[in-house]
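Take a look at the sequence and the model, then read on.

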Amino acid sequence: MKFKQSDEQNQRIERITPSHLVIGIDMAKDAHVAQATNFRGIVLSKRHLTFTNSKEGFERFGRWVNELQQKHRLNNIIIGMEPTGHYWFNLANWLVEQSLTVVLVNPVTTKRNKENRDNSPSKNDPTYHRSVRFRLHLWSSPC
């Protein structure tokens with residue numbers, strides 16, 4: 001059965017339900033930045049989380065996710081990240097080992113979305129994870 005592009009996009013969007021905690025992560029060499037929202041894109045955490053690209057950082061991220069999940073009574077988690085260089089490998093593998101859903105978000109569409117949102121081509125700001133999270137809703141592919 002062939003699907004139109006819009007059908008495929010709708011199927012991806014429908015995967016995110018009201019019971020999902022949606023997390024976008026901006027990947028970097030030494031430290032990653034994460035932000036959590038509900039299925040509508042409403043931010044659930046007071047601040048974004050910055051954590052190191054190490055096992056200790058990943059465990060800190062895991063505790064943060066569990067706290068948010070319990071606080072907001074959300075049963076499912078979906079985590080989106082850009083496959084930036086090789087920096088995402090360790091975190092993605094750790095998340096999969098924790099049985100979490102990880103999707104990769106196309107860096108080109110994320111950059112374009114960020115430029116459209118704030119009229120700036122710069123990636124070097126703490127709000128970039130919002131673009132990753134937004135693109136997660138539309139253009140995700142399972143890790």
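This is a predicted model: local features need pLDDT of at least 70, side-chain atom pairs count only at pLDDT 80 or more; totals for chains, interfaces and linings use all residues.

Residues are numbered from 1 along each chain as its sequence is written, and side-chain values use heavy atoms, with hydrogens and water left out. Helices (H or I, at least four residues) and strands (E, at least two) are DSSP runs, numbered from the N terminus.

**Strand β4 and its partners**

- Let's begin with β4, residues 76-81: 5 of its 6 residues are buried, so the rest of the structure largely encloses it. Here, buried means under 20% relative accessible area, exposed over 50%, and partly exposed in between (1.4 Å probe, protein chains only).
- Strand β1 (residues 20-26) pairs with β4 in the parallel sense, over 6 bridges; two strands pair if DSSP finds at least two bridges between them.
- In that pairing, His20 stands opposite Asn76 in β4.
- β4 also runs parallel to strand β5 (residues 101-105), with 4 bridges joining them, and here Ile78 stands opposite Thr101 in β5.
- To get from β4 to β5, the chain passes through helix α3 (residues 88-97), making a right-handed β-α-β crossover. Right-handed means that, with the strands pointing away from the viewer, the path from the first strand over the helix to the second runs clockwise.

- α2 covers residues 55-72, and its 18 residues reach 26 Å from first C-alpha to last, close to the 26 Å expected at 1.5 Å a residue. That expected span is 1.5 Å times one less than the number of residues.
- Its buried residues are Gly57, Phe58, Phe61, Gly62, Trp64, Val65, Leu68 and Gln69.
- Seen down the axis of α2, these fall within an arc of 165°, so they line one face of the helix; the arc is that of the directions from the helix axis to the C-beta atoms.
- The cover over them includes β1, β2 (31-37), β3 (49-52), β4 and α3, with contact meaning heavy atoms within 4.5 Å.
- Over on the other side of α2, Lys55, Glu56, Glu67, Gln70 and Lys71 are exposed.

**Two loop residues with positive phi**

- Most residues other than glycine have a negative phi.
- Arg73 isn't a glycine, yet its phi is positive, about 55°. Arg73 sits in the loop between α2 and β4 and counts as exposed, at 74% relative accessibility.
- Ser99 isn't a glycine either, and has a positive phi of about 65°. Ser99 lies in the loop between α3 and β5 and is exposed, with a relative accessible area of 66%.
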